[in-house]
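The sequence and the structure are shown first, and the description follows.

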Amino acid sequence: MATKEQLRIGNRRLELSNLDKIFYPETGFTKGDMVVYYRAIAPVVLPYLKGRPVTLKRYPDGVTGNFFYEKRCPPHRPEWVGTIKMRRHRDDKDVEYCAVDSVAALVWAANMGNLELHSTLARLPHLDRPTAVVFDLDPGPPAGILDCAEIATRLRDLLDELSLKALCKTSGSKGMQLYVPLNTKVTYEDTAAFALTVATQLATETPGKVVTKMKKELRTGKVLIDWSQNDGHKTTVCAYSLRARPRPTVSTPVTWEEIGRARQKKDPDLLTFEFQQVLNRIEKHEDIFGPVRKLRQRLPKIEA
């Protein structure tokens with residue numbers, strides 16, 4: 001387990017270690033498999049990470065071991081791993097987040113046992129300007145991903161009435177996330193207020209299925225629309241990130257047709273994707289989530 005291996009990526013040399021360590025015991029997926037996945041998915045995932053502060057979620061001993069979030073980029077990083085400085089709200093101090101902006105930086109993070117990539121909704125040079133509104137759909141058992149799919153579809157229809165296009169991805173865990181691309185001049189105050197208004201409207205229309213408050217006792221059998229993710233100091237799991245579940249699932253962009261098919265067939269497995277399936281999807285369809293980065297839309301003014 002202490003074996004090391006040299007890897008050259010471009011003009012960067014990395015020393016990788018413990019590549020045969022099992023990270024997902026249920027499938028035998030190793031740390032080396034994780035490195036291979038992130039190197040393969042790099043051309044697709046990096047555009048969602050560049051210019052954005054990234055919080056690492058590290059599992060040194062795999063998904064069954066302890067984990068920790070790492071906002072401040074570790075001081076022992078290679079000199080070629082850059083940082084992005086962002087002001088911390090609670091004490092008004094700067095935190096230097098890792099800039100995961102290259103294949104080498106992505107592989108370096110994986111070698112540290114970083115399974116998940118969590119990025120901000122804003123990017124340089126305007127870290128106070130979110131590029132999208134996000135609705136994080138989190139099911140309270142016994143509700144599951146199909147319930148999230150229903151609420152995502154209702155959200156899409158509501159947003160369509162406001163002339164806003166929305167895209168969806170699985171969380172790779174239990175829920176889904178719906179994104180409304182903006183890529184225009186807007187503040188977190190604007191996006192949070194908009195998300196709360198929309199979420200509240202949907203909760204009012206379907207009180208037996210939707211909640212907007214975090215209290216667990218309110219969420220049983222319902223879907224929480226977590227509008228509070230629209231905050232400059234919060235991060236959301238990045239598209240194409242692995243997730244620390246029993247199997248190596250991935251936060252995967254999906255089409256509305258796929259969501260409709262899963263609902264029609266009542267099959268939650270149609271909205272669960274493991275790493276190899278994601279690589280196959282990219283090879284076949286490329287990146288279907290691209291409009292999140294490029295589509296320009298303006299938030300309408302709606303009554304709270």
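## Sheet, helix and core

In this predicted model, an open sheet of mixed pairing is built from six strands, in the order S15-S16-S12-S14-S13-S18. Strands S15 (210-211) and S18 (253-254) stand at the edges, and each has a single partner strand, so one side of each is left without a neighbour in the sheet. Within the sheet, strands S13 and S14 run antiparallel and are joined by four bridges. Leucine 167 has tyrosine 179, in S14, as its bridge partner.

| Element | Residues |
|---|---|
| Helix H1 | residues 31-49 |
| Helix H3 | residues 145-161 |
| Strand S13 | residues 167-170 |
| Strand S14 | residues 176-181 |

Helix H3 has 17 residues and spans 24 Å from its first C-alpha to its last, close to the 24 Å expected at 1.5 Å a residue. Its buried residues include Ile145, Cys148, Ile151, Leu155, Leu158 and Leu159, and also Glu150 and Thr153. Just after H3, serine 163 adopts a positive phi of about 60°.

The largest nonpolar core holds 89 residues, of which Ile41, Phe135, Leu178 and Tyr240 touch the most other members. Helix H1 supplies the largest share of this core, 11 residues. Another core, of six residues, lies apart from it and has Met86, Val95, Tyr97 and Leu127 among its members.

Beyond its neighbours within four places in sequence, phenylalanine 135 is in contact with residues including Leu155, Leu159, Leu178, Phe194 and Ile225. Gln177 and Asp226 are also among its contacts.

Note on methods: Residues numbered from 1 in each chain as written. Predicted model: local features only at pLDDT ≥ 70, side-chain atom pairs only at ≥ 80, totals over all residues. Heavy atoms only, no water. Core = buried A, V, L, I, M, F, W, Y, C linked by side-chain atoms within 4.5 Å. Buried < 20%, exposed > 50% of the residue type's maximum accessible area, 1.4 Å probe, protein only. Helix = DSSP H or I, 4+ residues; strand = E, 2+ residues; numbered from the N terminus. Contact = heavy atoms within 4.5 Å. Expected span 1.5 Å × (residues − 1). Pairing = 2+ DSSP bridges.
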